[in-house]
Amino acid sequence: MAVVQFLYGNVVHPPTVPEDFATKLGLRKPDFGYTVTTSLESSTQPDINKSSMKATWLGHACFLLELPSPDGAVRGARILFDPVFSHRCSPFTFMGPARHIPPPCKLEELPSVDIVVISHNHYDHLDTHSITTLDRLFRPHFFAPLNNGAYFKANKVAEERTHILDWWEARNVTIDLPGTALSLEETTESTAKTTFEVTCTPAQHFTGRGLMDRFHTLWASWAISDPASGKKVWFGGDTGYRTVHPGENEDEMPVCPEFKRIGEKFGGFDLAFIPIGAYDIREVTSCVHCAPQDSARVFKDIQAKKAIGMHWGTWSLTTEPIMEPPERLREECEKLGIPKDDFDICALGETFFYVKVVHPPAVPEDLATKLGLRKPDFGYTVNTSSESSTQPDANKSSMKATWLGHACFLLELPCPDGAARGARILFDPMFEHRYSPFTFMGPARRMPPPCKLEELPSVDIVVISHNHYDHLDTHSIITLDRLFRPHFFAPLNNGAFFKANKVAEERTHILDWWEARNVTVDLPSTTPSSEETAESTVKTTFEVTCTPAQHSTGRGLMDKFHTLWASWAISDSASGKKVWFGGDTGYRTVHPGENEDGMPVCPEFKRIGEKFGGFDLAFIPIGAYDIREVNSCVHCAPQDSVRIFKDVQAKKAIGMHCRNLSEHGH
């Protein structure tokens with residue numbers, strides 16, 4: 001009965017189109033974020049234009065997304081989602097759902113398109129005229145879900161530009177963008193290459209373009225990950241969220257779990273395009289189309305920061321009033337505490353500037369003075385060697401900690417009996433100018449390290465908290481290994497990194513949380529050697545324990561969470577001293593509008609404090625916390641750091657993970 005009602009209502013009595021519909025949609029000629037006096041490919045774009053993502057709604061589920069401009073390029077990569085510019089979404093030109101309003105521009109008026117992404121093969125998402133025209137105009141790459149290859153082949157799209165992916169399959173695509181540099185040859189334009197990842201992600205829908213091909217091809221949503229800007233975008237395509245039958249309480253119905261999985265896998269998205277329309281009659285369409293109450297839940301599940309509602313206002317595919325979806329979206333977002341500015345609609349043809357790349361905070365001219373920059377003496381006077389057997393008693397019996405920037409400390413334990421110095425442990429050494437896989441881009445130091453690696457005293461142990469570039473630096477590791485042949489400690493699954501960099505296996509210690517290892521090192525002795533050719537040494541043994549933290553890992557697009565992150569505890573039985581290194585960690589997860597004092601906190605820090613009975617010294621991160629709702633789960637703000645100090649039962653602590661490297665604005 002519901003199906004009959006749906007068909008009757010949709011075909012015989014479709015929703016009424018308001019006379020002022022174009023005004024209600026805010027119809028405008030798109031400028032794609034560029035002024036009329038500035039070329040779409042100009043090298044003189046304003047900074048806000050080049051550093052922002054731009055999204056232009058072209059009707060229904062069609063958006064043109066432009067990523068931030070990478071270094072050396074005049075614009076960012078452009079991705080066109082589900083382009084349908086035909087009048088009808090139908091296999092026929094004379095029948096089938098017709099547009100309420102024309103597209104805001106012609107295909108020929110689009111700026112250069114680099115990638116076209118298709119969610120599935122229904123006619124309101126895959127339009128042959130649009131595909132063939134785009135292929136002729138721009139020769140873009142085309143991405144589509146499994147089993148759609150025959151369609152593109154039939155329409156003579158080059159095989160090398162056709163990418164057919166299964167759910168959770170990802171592909172890196174490299175494109176040439178117009179460059180800012182002058183070409184060496186007058187007849188050619190300069191270009192800048194950019195690479196980003198396109199991932200086919202699940203959705204809850206169906207497919208078919210005729211009577212006999214239902215479910216013959218896959219449907220999908222899509223994730224775009226741009227390493228150059230760090231931005232991530234999700235395109236929902238066409239999807240349902242739960243299946244609701246007549247008389248059921250939909251709030252009690254099971255929901256599709258894949259959206260939460262998508263959010264967890266990608267760690268959230270800077271921008272999402274989420275369908276909000278074509279939902280009436282609910283018991284007929286709920287399994288394949290989102291109603292606004294579903295859309296708001298999808299926004300939460302995928303951990304979106306901003307979203308634009310789509311899949312409404314172009315064709316009448318179902319029976320709800322044409323202007324109802326955005327009205328209900330506001331109501332449903334309000335119920336879930338989603339601010340209107342975070343999930344809204346945009347006008348037809350309007351370009352929104354999203355998540356402008358945060359410029360690092362201004363560096364004070366007197367930063368070196370503010371930081372008290374000095375050449376480190378590591379606790380030794382200029383006329384006393386760091387390996388000397390005549391150190392003052394106060395020096396030999398004390399622990400010494402030297403901050404070398406960001407999260408890097410050189411710790412020296414008290415001298416054991418008979419030794420000229422204590423064991424030296426270097427935490428998270430990072431001496432490069434940029435923490436990035438590249439030497440030419442990525443966050444740069446605000447000031448150089450206080451010394452060179454070659455100026456460090458002998459190092460016995462190097463401890464790594466995790467594999468992010470601001471904590472694990474290949475050049476520093478290789479140089480330290482060459483200079484000192486120390487032991488290296490790192491969390492689970494990091495062994496391949498050290499093996500690839502030719503660190504001896506017997507000096508590589510890869511530990512899981514709560515796993516401990518005793519390490520014995522030879523220290524220079526205060527007693528002269530009986531052999532003139534050899535230095536006398538004293539053995540000392542202490543325990544290194546891998547302890548939990550709340551963070552993430554990854555050095556590329558495809559290895560997120562492939563390795564473990566950790567904090568570390570050092571227990572020195574000779575002196576009775578205990579030290580804790582926090583590495584990089586969050587403490588609690590805070591969402592917008594929440595009272596963070598009421599949020600649950602990570603219980604592992606109290607457990608660490610209880611297990612070790614407190615610490616004589618702790619190194620605790622205090623920076624890289626803004627924007628709070630984005631970073632709280634992985635980075636400590638000072639209010640978290642103070643709580644951790646209490647939880648781990650520290651007697652003394654030094655704040656770290658601040659000031660030296662440009663990370664977040666704070």
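This is a short tour of selected sites in the structure, stop by stop. The model is predicted.

**Stop 1: a surface patch**

Select Phe-92, Phe-94 and Met-95. Together they make a nonpolar patch on the surface, with about 340 Å² of accessible area. Met-95 sits in the loop that runs between strand S3 (78–81) and strand S4 (115–117). Its relative accessibility is 43%, so Met-95 counts as partly exposed.

**Stop 2: the loop at Asn-147**

Go to Asn-147. Look for strand S5 (141–145) and helix H5 (149–154); Asn-147 is in the loop between them. Is Asn-147 buried or exposed? Asn-147 counts as exposed, because its relative accessibility is 52% and the cut-off for exposed is over 50%. Leu-218 is 71 residues from Asn-147 along the chain, yet their C-alpha atoms are separated by 6.6 Å.

**Stop 3: helices H8 and H9**

Select residues 292–301 for helix H8 and residues 324–335 for helix H9. The two axes come within 8 Å and cross at roughly 50°. The two helices, H8 and H9, are therefore oblique to each other. The crossing of H8 past H9 is right-handed.

**Stop 4**

Arg-282 belongs to helix H7 (residues 282–285) and Asp-294 to helix H8, so the bridge ties together parts that are 12 residues apart in sequence. How do the two partners stand for burial? Arg-282 counts as buried, at 12% relative accessibility. Asp-294 is buried too, with a relative accessible area of 0%.

**Stop 5**

Move to Arg-330 and Asp-344. This pair also forms a salt bridge, and here the closest N and O atoms are 3.9 Å apart. The bridge links distant parts of the chain: Arg-330 is in helix H9, Asp-344 is in strand S13 (residues 343–344), and 14 residues separate them. Arg-330 is partly exposed, at a relative accessible area of 36%. Asp-344 counts as buried, at 14% relative accessibility.

**Stop 6: a strand-to-strand pair**

Next, pick Lys-400 and Glu-412. Their side chains meet in a salt bridge at 3.5 Å, N to O. Which elements does the pair join? Lys-400 lies in strand S15 (residues 400–403) and Glu-412 in strand S16 (residues 409–412), so parts 12 residues apart in sequence are tied together. Both Lys-400 and Glu-412 are buried.

Now select Arg-242, Glu-250, Arg-282 and Asp-294. Salt bridges with shared partners join these four residues into one network.

**Stop 7: the loop at Lys-652**

Finish at Lys-652. Lys-652 lies in the loop between helix H16 (638–647) and strand S26 (653–656). At 59% relative accessibility, Lys-652 counts as exposed. What separation do the C-alpha atoms of Lys-652 and Phe-619 show? The separation is 8.9 Å, for residues 33 apart along the chain.

Technical notes:
Residues numbered from 1 in each chain as written. Predicted model: local features only at pLDDT ≥ 70, side-chain atom pairs only at ≥ 80, totals over all residues. Heavy atoms only, no water. Patch = residues over 30% accessible without salt bridge, like charges linked within 9 Å, V, L, I, M, F, W, Y side chains within 5 Å. Areas by Shrake-Rupley, 256 points an atom, 1.4 Å probe, with all protein chains shown as cover. Helix = DSSP H or I, 4+ residues; strand = E, 2+ residues; numbered from the N terminus. Buried < 20%, exposed > 50% of the residue type's maximum accessible area, 1.4 Å probe, protein only. Axes fitted to C-alpha atoms, helices over the stretch in contact; angles between N-to-C directions. Parallel < 35°, antiparallel > 145°, perpendicular 65-115°, else oblique. Left-handed = near helix turned anticlockwise from the far one by under 90°.
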